[in-house]
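Reader: I should be grateful for a close look at one part of this model, namely the packing of its side chains. Please then relate that part to the rest of the chain.

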Amino acid sequence: MAKLATIWDGLPRDTDRPRVTVVIPALNEEKNLPHVASVMPTDIDEVVFVNGNSIDNTAEVARQLWPDGVHVTQTRKGKGNALACGFEAATGDIIVMIDADGSTDPMEIPRYVGALISGADFAKGSRFIQGGGSADITKFRRLGNWSLNAMVNMLFSTKYTDLCYGYNAFWRQALDVMRLPATDHPAPQWGDGFEIETMINVRVAASRLKIAEVCSYEARRIHGVSNLNAVKDGTRVLRTIRREFFLARRSSTAVRRNVRSAGDAARLKTEQAS
């Protein structure tokens, strides 16, 4: 077995090291969790495990694997709500989001942390840059991802190469611009589903945070069947892009209007003074 990754290999021991939290949302993933735990870097500060009301032994297996972890149950349905619940419980300076099915490799976490330490606000995983790849994505999903990716780059002046990939990491301050749906609301919210990743990526970009893409290899899930529905979830992603574009335009218009109002008030004050 390969040597487990450690986050801080190569850094001086006296380096001021931020705390790193890994958030793992899971729905019926009891068979995959042992693999995820076996390749987790040895010096992760905190694991936040979010159980999505699983009907198998996911919650019990997770508590056995991470007895010192933070274990929460999501408040509604969907990956987006699970992530929001996990982020809410996380206490680390850096938050990493990975999947529980074995498709995202925890041994890549040092790459993400390194990008953040080097100055990025948000480290975006990409399967489509040098060093990345996927054993799981179909031709149909690849085409859909490419189309949605091109749309976001055009509308938001971004340079993403992999919009719909959920392996990301960020400084916890970035949560302020993500504005995720409140976890205590009983009714379903927009952002509760797989569209959460697009919502996060677009809002981070619209807020002009510094983004670094990190190469990542997506493996096939080890056991079970994916909860992703390419057509249904792709449609939600498309609607999310549209919603976020018009929200950004309204916000930009409001800012310009406020700037003009402030300028008019300053000119009036100057005229009255003279």
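Author: Two residues are said to be in contact when heavy atoms of theirs lie within 4.5 Å. With neighbours within four places in sequence set aside, Trp 66 has contacts with Ile 24, Leu 33, Val 36, Ala 37, Met 40, Val 47, Phe 49 and His 71.

Some conventions precede the wider picture. The model is a predicted one, in which local features require a pLDDT of at least 70 and side-chain atom pairs are counted only at pLDDT 80 or more, whereas totals for chains, interfaces and linings take in all residues. Numbering starts from 1 along each chain as its sequence is written, and side-chain values rest on heavy atoms, with hydrogens and water left out.

Trp 66 belongs to the largest nonpolar core, which holds 30 residues; together with Ile 24, Met 40 and Val 96, it touches the most other members. Such a core is a set of buried Ala, Val, Leu, Ile, Met, Phe, Trp, Tyr and Cys residues joined through side-chain atoms within 4.5 Å. Buried here stands for under 20% relative accessible area, exposed for over 50%, and partly exposed for values in between (1.4 Å probe, protein chains only). Two or more residues of the core come from each of β1 (20–26), α1 (33–38), β2 (46–51), α2 (58–65), β4 (94–97) and α4 (109–117). Of these, α4 supplies the largest share, 5 residues. Apart from this core lies another, of 21 residues, including Val 48, Phe 170, Met 178 and Trp 190. In soluble globular proteins, nonpolar side chains tend to be buried together.

The elements named are DSSP runs numbered from the N terminus: helices (H or I) of at least four residues and strands (E) of at least two. The chain has 8 helices and 9 strands, and 43% of its 274 residues count as buried.

Tyr 112 counts as buried, at 0% relative accessibility. Beyond residues up to four places away in sequence, Tyr 112 touches Ala 123, Lys 124, Gly 125, Tyr 165, Tyr 167, Asn 168, Ala 169, Val 214 and Ser 216. Ser 216 is 104 residues from Tyr 112 along the chain, yet their C-alpha atoms are separated by 9.7 Å. For the chain as a whole, among contacts with a separation of 6 or more, 81% involve residues 24 or more positions apart.

Arg 127 is in the loop between β5 (122–126) and β6 (133–134), and Glu 218 is in strand β9 (residues 217–218), 91 residues apart. Both partners are buried.

Arg 236 and Glu 195 form a salt bridge in which the closest N and O atoms are 2.8 Å apart. Since Arg 236 belongs to α8 and Glu 195 to the loop between α6 (175–178) and α7 (196–206), this pair ties together parts that are 41 residues apart in sequence. Glu 195 is buried, with a relative accessible area of 1%, whereas Arg 236 is partly exposed at 21%. A second pair, Glu 244 with Arg 203, has its closest N and O atoms 2.9 Å apart. It ties helix α8, where Glu 244 lies, to helix α7, where Arg 203 lies, across 41 residues of sequence. Both count as buried: Glu 244 has a relative accessible area of 5% and Arg 203 has 10%. Elsewhere, a network of salt bridges links Glu 29, Asp 101 and Arg 221.

One matter of confidence remains. The pLDDT is the predictor's confidence in each residue, from 0 to 100; its mean over the chain is 88, and 85% of the residues reach 70 or more. Residues 252–267, however, have a pLDDT below 50, and beyond near neighbours in sequence this stretch has 0 contacts in the model. Where pLDDT is low, the predicted coordinates should not be read in detail.

Conventions
A salt bridge is a side-chain nitrogen of Lys or Arg within 4 Å of a carboxyl oxygen of Asp or Glu.
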